Amino acid sequence: MNEETMQKLQEYINQYSTLFVQWLGRLLETLAVLLGTWGVPEPYRQPGALALLFVAVSLLVGLFIALLLKLKRGRGVRPSEPPVEPSAPEEVCEEEAEVPLEKAPEEEAKPAAVPEVPVPSLFERMRSGLSKTQSALVGRIDTLLKGSRAVDDDLLEELEEILITADFGMQTTQELIQAIEARFARGTEASPEAVRDALQEEIRNRLKLQASPLDLEKAVPYVIMVVGVNGVGKTTTIGKIARQLVDQGKNVILGAGDTFRAAAADQLAVWGERSGVEVIRNVEGADPAAVAFDAAKAAVARKADVLILDTAGRLHTKVNLMEEMKKIRRVLAREIPGAPHETLLVLDATTGQNALIQARLFKEAVEVTGIALTKLDGTAKGGMVVAIGADLQLPVRYVGIGEGVEDLRPFDPDLFVEALFQRD
């Protein structure tokens, strides 16, 4: 290569190097501007742009290396197989020549049958969801009553401790202990089954007094206002109820009234899309009462069967925030006579007695008419179902015993008690 060629080559290198540096500078400048739109402060935009460029180049190099390795494996030489010597035609016996090439239909291989996975029944799902409560409550009661034992102060005291530990609440626990004491004379021996059956019957009787399903035919549209603090599964509960109502043929509209929690409306919109229902929403930070107004108007105009309104997960100790809930109720009542027809309070069973405190304060502030108790499958505090119904005289509408849509169940006291006390 002569000197003139080398000089031209050097000029080309310098020219394209300059163009590459200019292009790289523009690219970094564009990335910095993009980071600025994402809210990155000015001092960190240039280093951030360099970091993004480095990551992109590293990914491209990694993909290139992976592609080369894949091509190399694809071109690998397969191990040679020993040649098969063909048999001479004259060596084939006559009997072998007469064997048919096709198998008889009855000899053809049949595809293996795929075993059917049994679908768990509602009772099995309920029992599985209450397994922790069953172990903490019924399991300890069975251990306490093992063998015949006199109904005395010691037994009643231990039974009281078990019930309180399972979050039956002090009032409900004392009522149950008094009922057991009234059934069995002090000092007399009682079989474990007799005491167990008596306790089971007393719990069922108390639950039946508070069991009451939603009467969706009471009004059209039937308005459900859902309240509760953050983290109890309020929005998820709304989505599951909507899905179940749609499966029943109901025309449902959702109102995204939680305008204060980030992405709350987006979460509800996802549930709306899954269930095929319309979601009425507004910008983040908007007045929840305005959302309630728009949702009520839409429900009437579209002749919806049910309107479910989400609300902000506000702390129940804030008086001014409770006043906001009352404002939403007034707006709904002005647009739809009698609305809200149901004020459903969602509680997290794992919070124990704190859930009972929330229920009392919400009932005083916004006239709660029903309870949805979630996360029963993740706690040993299933006694909350009995405590809330008995202490507050509020019907338990739904219980959550799992993650699936079908695991939010309308509360059935007979099924609940049977699943709780069922032995293996």
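Where is the place of Glu367? Glu367 sits in the loop between α14 (353-366) and β8 (370-374). Helices (H or I, at least four residues) and strands (E, at least two) are DSSP runs, numbered from the N terminus.

This is a predicted model, in which local features need pLDDT of at least 70 and side-chain atom pairs count only at pLDDT 80 or more, while totals for chains, interfaces and linings use all residues. Residues are numbered from 1 along each chain as its sequence is written, and side-chain values use heavy atoms, with hydrogens and water left out.

Start with the whole chain. The chain holds 16 helices and 10 strands. Of its 424 residues, 41% count as buried. Buried means under 20% relative accessible area, exposed over 50%, and partly exposed in between (1.4 Å probe, protein chains only). Take the contacts between residues at least 6 apart in sequence: 75% of them join residues at least 24 apart. Contact means heavy atoms within 4.5 Å.

Next, a helix pair. Two packed helices are described by the angle between their axes and the distance between the axes. Helix α7 (residues 153-165) and helix α8 (residues 170-183) pack at about 145 degrees, with axes 10 Å apart. Axes are lines fitted to C-alpha atoms, for helices over the stretch in contact, and angles run from 0 to 180 degrees between N-to-C directions. The α7 and α8 crossing is right-handed. A crossing is right-handed if the near helix is turned clockwise from the far one by less than a right angle, and left-handed if anticlockwise. From α7, the contact uses Leu156, Leu159, Glu160, Leu163 and Ile164. From α8 come Met170, Thr173, Gln174, Leu176, Ile177, Ile180 and Glu181. These residues divide into 8 nonpolar, 2 polar and 2 charged. Ala, Val, Leu, Ile, Met, Phe, Trp, Tyr, Cys and Pro count as nonpolar, Asp, Glu, Lys and Arg as charged, and the others, Gly among them, as polar.

Now turn to helix α4 (residues 122-129). Its buried residues are Arg125, Met126 and Gly129. They cover an arc of only 100 degrees around the axis, so they lie on the same side of α4. The arc is that of the directions from the helix axis to the C-beta atoms. An α-helix has 3.6 residues a turn, so residues three or four places apart point the same way. The cover over the buried residues of α4 includes α5 (131-136), β9 (396-400), β10 (408-410) and α16 (413-421).

Asp407 lies in the loop between β9 and β10. Asp407 is buried, with a relative accessible area of 11%. Leaving out residues up to four places away in sequence, Asp407 touches Arg125, Val399, Gly400, Ile401 and Gly402.

Then the aromatic rings. Rings of Phe, Tyr and Trp (its six-membered ring) pair if their centres lie within 6.5 Å; planes under 30 degrees apart count as stacked, over 60 as edge-to-face and the rest as tilted. By this rule there is 1 aromatic pair. Phe411 and Phe416 have ring centres 5.5 Å apart and planes at 65 degrees, so the pair is edge-to-face. Both Phe411 and Phe416 are buried.

Last, the backbone. Most residues other than glycine have a negative phi, and most peptide bonds are trans. Glu367 has a positive phi of about 55 degrees although it is not a glycine. Glu367 is exposed, with a relative accessible area of 51%. A cis peptide bond joins Val220 and Pro221, with omega about -5 degrees. Another cis peptide bond joins Ala339 and Pro340.
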